[in-house]
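Dear colleague,

Please find below the structure that I am handing over to you.

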Amino acid sequence: MKKLLLSIVMIQCLIFSAFAADAVTFDDSLNVVIVTTTQDNYAARYLRRGIREPFRIPYWNRIDAAEVLSSKDITLDGLEALATRYDGDLVIVPFVNHWYWRTYHTFFRFNDELYTEYSYRFSIYIYNHNTKEMESYEVSGRGRDEAIVLHDPDDVLRPALARLLEKIPYKRIPKERRYTNPDTPNLQLHTTEGGARIYKSPYSAVSI
């Protein structure tokens, strides 16, 4: 019985340690505020989930804003106010300009097939508190195929979101990180012979 209780305690300690590790952020991590809009279709929900993907600890401290914006609220002044309210370095608003998905039958004499057609236009609005500027990035597309091939909206939304994330300049590891501790030297970006890009201290004696 004692061994069983000891095992349970050890497992709980491991679980709590894992959660604690996930909560660690760098002292110079950036705050990114994710804002929800009044849109409530499937594409809007997919976009809201997907835009969170690159912004993870320890480089990003992700904040979900309580405010819900309509299209007319997505302005420079409005996003600047949100950045001030949440102490955000970035404020991000994913937006569905257009989303259409339809599955239908073709009623021809020798061809009664089920087809899917779609079209979309998605945007991401980003306010950068450092530059005091708002930028927008957009992707669009349209197509048609047999429903047996194109039967799930995710088959369209997944590559569309990937293209959109590729356009934005803010990645999981920020290109520029702040080092506010005077005792910590700025890391410099180096490329190894194998092509890997790593950050190293300028005082490091390790050869690359």
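From the N terminus on, the elements of the protein follow the order α-β-α-β-α-β-β-β-α-β-β. This amounts to four helices and seven strands. Please note that the model is a predicted one.

Of the 208 residues of the protein, 32% count as buried. The protein exposes about 13,700 Å², and carbon and sulfur atoms supply 54% of that area. Among the contacts with a separation of 6 or more, 65% are between residues 24 or more positions apart.

One part of the fold deserves a separate description. Strand 1, which covers residues 30–37, pairs with strand 2, residues 60–69, in the parallel sense over seven bridges. Within this pairing, V32 has R62 in strand 2 as its bridge partner. Together with helix 2 (residues 42–51), strand 1 and strand 2 make a right-handed β-α-β unit.

Strand 2 also holds E67.

Leaving aside its neighbours within four places in sequence, E67 is in contact with V35, T36, L82, R85 and Y86. Two polar contacts involve the side chain of E67: one of 2.6 Å with the side chain of R85, and one of 2.7 Å with the side chain of Y86. Computed along the sequence, E67 and I34 are 33 residues apart, while their C-alpha atoms are 9.9 Å apart in space.

Yours sincerely

Definitions and conventions: Residues are numbered from 1 along each chain as its sequence is written. This is a predicted model: local features need pLDDT of at least 70, side-chain atom pairs count only at pLDDT 80 or more; totals for chains, interfaces and linings use all residues. Side-chain values use heavy atoms; hydrogens and water are left out. Helices (H or I, at least four residues) and strands (E, at least two) are DSSP runs, numbered from the N terminus. Buried means under 20% relative accessible area, exposed over 50%, partly exposed in between (1.4 Å probe, protein chains only). Contact means heavy atoms within 4.5 Å. Accessible areas come from the Shrake-Rupley method with a 1.4 Å probe; for residues, only the protein chains shown count as cover. Two strands pair if DSSP finds at least two bridges between them. A crossover is right-handed if, with the strands pointing away from the viewer, the path from the first strand over the helix to the second runs clockwise. A polar contact is a pair of N or O atoms within 3.5 Å; within protein, one must be able to donate a hydrogen and the other to accept it, and residues adjacent in sequence count only if both atoms are side-chain atoms.
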